[in-house]
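User: I have a model open and would like to go through it piece by piece. Can we start with the terms?

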Amino acid sequence: MVARKFLVRHDDSDFDVDYNTDDGFEVFKFQLFSLTSIPPDEQKILGEDGDRVVSSDSDLVTISEKLRLVSISEEDKEKREETAESSQKSDSEFLKSDEELARILQAEEEALLLQQYAVGEDSSQFERRVRPYISRVLMYEDPVRQEAARKSVPVDKLEEKALVSLAREGNLKPSKSEQDHAFLLQLLFWFKQSFSWVNAPPCDGCGKETSNQGMGAALPTELSYGATRVELYRCNFCSRITRFPRYNDPLKLVETRKGRCGEWANCFTLYCRSFGYESRLILDFTDHVWTECYSESLGRWMHLDPCEGVYDKPLLYEKGWNKKLNYAIAIARDGVYDVTKRYTRKWHEVLSRRTITTESSVLSVLTSLTKECRRSLTIEVLSVLEDRDKTEREAIERGLHATDDVSISLPGRQSGDKEWRISRSEFGSDSWGCSSCPVRMCTDEHVAEIYNAFSPVLHKFLEHSLTAHKGAEVLKIVEETLIDLKKLPYKTRRAFLKLAPTTGTSLVHQLLPSFNALLNALSLKSELDAEGRVQICLAGDPVKTSLALPVVLHALDELMNDLHKCDNFGKDSLSFPLVRLNRICSGSVLASGEELPFGIATAAFDGTRMSKWEEPNGAQGCWIMYKTKDNQMKELVAYELMSANDAPERDPMDWVVEGSDDGGSSWHVLDEQTSQLFDKRYQRRSYTIRSTGLQSNIFRFRFLKVRDVKSNSRLQLGSIDLYARCN
């Protein structure tokens with residue numbers, strides 16, 4: 001550990017910053033963010049003389065104590081990007097050192113030289129391997145197949161999820177390209193859940209396990225959908241033979257929804273084309289298939305693996321699965337492309353395994369096949385495609401010698417049974433994580449509004465002398481109505497208030513005004529129809545309603561449980577934790593690590609049980625920091641932690657809560673807990689802070705230990721809620 005004190009100058013102001021090397025460089029940048037409001041990704045930290053850029057922990061150990069902070073403007077970013085494109089060398093791409101790059105280039109030259117002597121010019125084998133896929137991808141253009149695919153997709157639900165995912169990032173008015181990108185990802189996640197992986201099919205008769213018996217002759221009905229191969233399986237119990245045709249026609253796969261990677265990628269690529277995405281089928285000669293789609297939002301081709309539910313992680317196979325790649329060929333309606341370099345950082349090693357034919361022969365075959373695909377296209381379309389091809393080639397070459405982001409660990413293969421994955425040497429970690437997290441912004445104002453809105457409701461219950469049980473009954477009516485709303489199409493939600501036989505209509509009408517704040521928090525409103533029935537309907541942006549509904553349903557469930565446990569419901573009951581006022585929201589979060597893509601740090605603050613923050617290496621120590629919006633000073637008076645959905649061994653057991661009033665330079669202990677046990681999943685535990693009067697703009701949880709550190713390396717939490725003193 002090295003402790004240092006820096007004097008950081010920004011514009012005309014000086015800031016004192018205490019730094020501990022154990023915290024890491026990202027924490028130092030977060031401290032500067034707290035003091036100056038310059039996001040970490042826009043910070044440029046220089047030595048006092050301006051000739052040295054600080055970019056790592058080691059720099060902070062050796063540099064002088066006087067630093068200068070510069071905010072990188074958008075114009076500067078654009079200039080740097082233009083310079084990077086022209087020189088093919090960008091800081092953001094983490095290029096390897098000149099010495100290492102020289103060694104790699106030399107190895108590539110040697111591999112190419114060896115290939116000339118060891119590999120023949122005959123390209124027929126390579127062409128025979130690729131050509132059949134051209135007719136397959138042309139099936140994706142068939143209107144009948146596309147319509148069949150679209151009909152099987154819950155489009156409204158996926159569109160809603162896509163818009164909610166953007167809203168969680170603070171983007172409530174996304175562009176069309178952003179919406180299209182988000183929808184594509186939801187299509188991927190839906191497909192992953194709706195398609196079935198087949199190791200050995202269950203018996204057609206009794207549904208029990210089967211064992212492989214070899215291959216059988218295809219029937220005419222199977223051949224009509226391209227199943228030239230049929231696997232046979234004998235039931236281990238009733239001895240019945242079950243057939244597993246390996247269909248190649250994606251129309252049939254839309255119906256069966258099962259198979260292995262070939263069927264998965266084939267069918268998913270049809271789905272992508274059916275929704276208008278420019279798509280490619282990627283043929284990996286080492287026995288895998290996946291998809292690429294062109295993202296207008298990203299301005300480039302994006303990797304999507306439907307078997308794994310993974311997107312935009314092209315190094316998954318080499319780095320996570322430990323695959324020894326040789327050829328990765330993209331087949332599309334408008335051409336055939338060698339995209340192997342996108343999927344490797346070890347091109348010199350890959351070259352040594354490309355032994356089917358020479359590189360010049362590969363290029364010749366692909367050029368010829370692409371010309372065939374494009375022969376009926378207009379000059380204008382050809383020009384657009386050629387420009388895009390050139391841009392892609394340049395981008396792939398730039399990325400080829402980029403250094404991996406070592407903070408991100410990629411998983412081994414998840415699809416297929418364990419023994420099969422081990423036999424293919426593709427078995428690795430079961431997940432991926434990030435040990436260098438970005439600062440993430442919380443979009444959770446609606447959570448605080450919902451929590452606050454229960455206060456007038458509970459006060460109204462007391463005003464009408466309702467018992468806790470009767471109050472829970474009223475809340476149940478509201479919950480059931482909101483559940484009905486949630487099931488409806490998100491753009492046209494409207495439902496009648498579901499009155500219980502034991503709850504009078506008059507009472508509900510009297511209580512209804514107390515729910516106005518809650519409905520406002522959900523972008524909903526109540527209306528009376530001609531018959532005096534209460535309807536709940538949309539009052540604003542339907543996406544805001546979609547974002548808030550899971551939060552309020554979970555909050556209602558907890559509140560009803562609390563009321564059922566309340567023996568003496570009175571004025572004294574209307575305090576924390578039954579009433580949760582002044583929840584801190586809309587801040588920013590930084591953590592020691594997080595699970596990608598669904599266990600990120602902000603998941604701890606989104607108010608729902610459907611998500612969680614997961615720290616892959618947090619069992620024996622980790623941290624998460626919360627910076628208040630606009631550096632507002634808050635006195636923390638209480639907080640709550642909720643256990644996640646599974647794995648109780650990952651629950652935190654010992655922790656320290658700290659606050660800082662100087663942007664993280666110094667910390668004050670607010671609370672310490674040891675030997676805390678969560679008895680069940682989704683259990684909320686509430687803690688009050690002994691009054692210190694300390695005003696803070698950053699809060700930090702240091703989790704010291706989880707429930708079981710011997711069998712588990714992870715920490716996870718369903719939620720964290722912070723409550724400030726009311727002004």
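Analyst: Residue classes first: Ala, Val, Leu, Ile, Met, Phe, Trp, Tyr, Cys and Pro count as nonpolar, Asp, Glu, Lys and Arg as charged, and the others, Gly among them, as polar. This is a predicted model, so local features need pLDDT of at least 70 and side-chain atom pairs count only at pLDDT 80 or more, while totals for chains, interfaces and linings use all residues. Residues are numbered from 1 along each chain as its sequence is written, and side-chain values use heavy atoms, without hydrogens and water.

User: OK, then which classes line the second largest pocket?

Analyst: Its lining has 13 nonpolar, 4 polar and 13 charged residues. On a 1 Å grid over the protein atoms alone, a pocket is an open set of points with protein on both sides within 12 Å along at least five of seven lines, a cavity is a set where a 1.4 Å probe fits but cannot get out, and lining residues have an atom within 4 Å of a point.

User: How much space lies in that second largest pocket?

Analyst: The second largest pocket holds about 870 Å³. Grid points are joined across faces, edges and corners, and the volume is the space filled by probe spheres set on them. It is lined by 30 residues, with Asp338, Leu363, Leu366, Thr367 and Arg393 closest to the centre.

User: Which elements give two or more residues to the lining?

Analyst: Those are helix H4 (98–118), strand S16 (335–338), helix H14 (347–353), helix H15 (359–374) and helix H16 (379–400). Helices (H or I, at least four residues) and strands (E, at least two) are DSSP runs, numbered from the N terminus.

User: And how many cavities of 30 Å³ or more are there?

Analyst: There are 4 of them. The largest cavity has a volume of about 140 Å³. Its lining consists of 13 residues, and Val478, Leu497, Leu512, Phe515 and Ile536 lie nearest the centre.

User: What classes does that lining have, and which helix gives the most?

Analyst: The lining of the largest cavity has 12 nonpolar residues, 1 polar and no charged ones. Helix H19 gives the most, with 5 residues.

User: Switching to sheets. What is the order of the 5 strands in the open sheet?

Analyst: The order is S2-S1-S5-S3-S4, with mixed pairing. Two strands pair if DSSP finds at least two bridges between them. The edges are strand S2 (13–20) and strand S4 (53–54), each pairing on one side only. Strand S1 (residues 3–10) runs antiparallel to S2, joined by 8 bridges. In that pair, histidine 10 stands opposite serine 13 of S2.

User: Which helix packs on it?

Analyst: Helix H1 (residues 25–36) does, touching S1, S2, strand S3 (43–47), S4 and strand S5 (66–71), and its direction makes about 150° with that of S2. Axes are lines fitted to C-alpha atoms, for helices over the stretch in contact, and angles run from 0 to 180 degrees between N-to-C directions. Contact means heavy atoms within 4.5 Å.

User: What about the open sheet of 3 strands?

Analyst: That one has the order S7-S8-S9 and antiparallel pairing. Strand S7 (210–216) and strand S9 (241–245) are the edge strands, and the twist averages 30° from one strand to the next. S7 pairs with strand S8 (residues 230–235) over 5 bridges. Methionine 215 has glutamate 231 in S8 as its bridge partner.

User: At what angle do H9 and H12 pack?

Analyst: Helix H9 (residues 176–194) and helix H12 (residues 261–274) pack at about 145°, with axes 11 Å apart. Among the residues that meet are Leu184, Trp190 and Phe191 in H9 and Trp264, Phe268 and Tyr271 in H12. The contact residues divide into 10 nonpolar, no polar and 1 charged.
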